[in-house]
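Dear colleague,

I am handing over the structure we discussed, and I would be glad if you could look through it alongside the notes in this message.

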Amino acid sequence: ELPVTSLLQQQHDDPGNPDKDQHVLLEGYAIKVGSWFGGNAPRWFTLRSDFTILSSMDKESAAQPSKAYSLSGCHVEWGQLGSKEYAVRIECQRKHVRTGKIGVKKMLTLIVEDVGSMNLWVSGLRCLFAGTNRILCTEGEIGGSTCAICLADFTAGEELIVLPCEHRFCSAGCIERWIVISSNCPLCKQDCKVHGEPMLRKGVWQGGAGGEGKGKGSAGESKV
């Protein structure tokens, strides 16, 4: 198994806990594709808020990583490989573990346990870039039929949170946690705050799978 642990919710609920590394956004096991000497043994990967991914032999040796990758200017893709395995592919740069010196470009492909683990990695990467003008992945449909943070597809009748830019997110606390990091929409980067407060309205998803929302609702709530 390749379990992945997202620490975003934990740190949001208890940001003052001294036992948690506040720079760690996400961590877990994954199989690195294309490692000549590494074989197919899972390695422990840590996503940090300093735009770095660290690689260790296992969880116990996470404090002494053997490899590091810089995510500055990175590009991210995800999906199923030909083998039907779920993977996240990151175009990044090697980073010296001790000196921090940036090296050659690297295509880092990580095979994870399931679609849920893949979505956690993509969600963590999106949140990492929340305070920047970098858009890792774009949404082709206006508003979108998928939450850009947790990547869950909307279902008919589901309650959503809608930003002033009309981009939509599930009501499971995704956008609320995002706003703690950045007030910019994760898709278009428009500031969602008015007079210092985030402008979030509730809506109900009326579109089908991949469909566009329709209609208007009462004040303070709309059908999207």
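Below are notes on the salt bridges and on the strand pairing.

This is a predicted model, in which local features need pLDDT of at least 70 and side-chain atom pairs count only at pLDDT 80 or more, while totals for chains, interfaces and linings use all residues. Residues are numbered from 1 along each chain as its sequence is written, and side-chain values use heavy atoms, with hydrogens and water left out.

The structure holds 2 salt bridges (a side-chain nitrogen of Lys or Arg within 4 Å of a carboxyl oxygen of Asp or Glu). One joins the side chains of Asp50 and Arg48 at 3.7 Å, N to O; Arg48 is buried at 18% relative accessible area, whereas Asp50 is partly exposed at 39% (buried means under 20%, exposed over 50%, partly exposed in between, with a 1.4 Å probe and protein chains only).

Glu77 and Arg89 form a salt bridge at 4.0 Å, N to O. Because Glu77 lies in strand E5 (residues 67–80) and Arg89 in strand E6 (residues 86–95), this pair ties together parts that are 12 residues apart in sequence (strands are DSSP runs of at least two residues, numbered from the N terminus).

E5 and E6 run antiparallel and are joined by 9 bridges (strands pair if DSSP finds at least two bridges between them), with Trp78 standing opposite Val88 in E6. E6 also pairs in the antiparallel sense with strand E7 (residues 102–112), over 9 bridges, and here Lys95 stands opposite Ile102 in E7. In the hairpin of E6 and E7, 6 residues lie between the strands, and Gly100 takes a positive phi near 80 degrees.

Note on methods. Helices (H or I, at least four residues) and strands (E, at least two) are DSSP runs, numbered from the N terminus.
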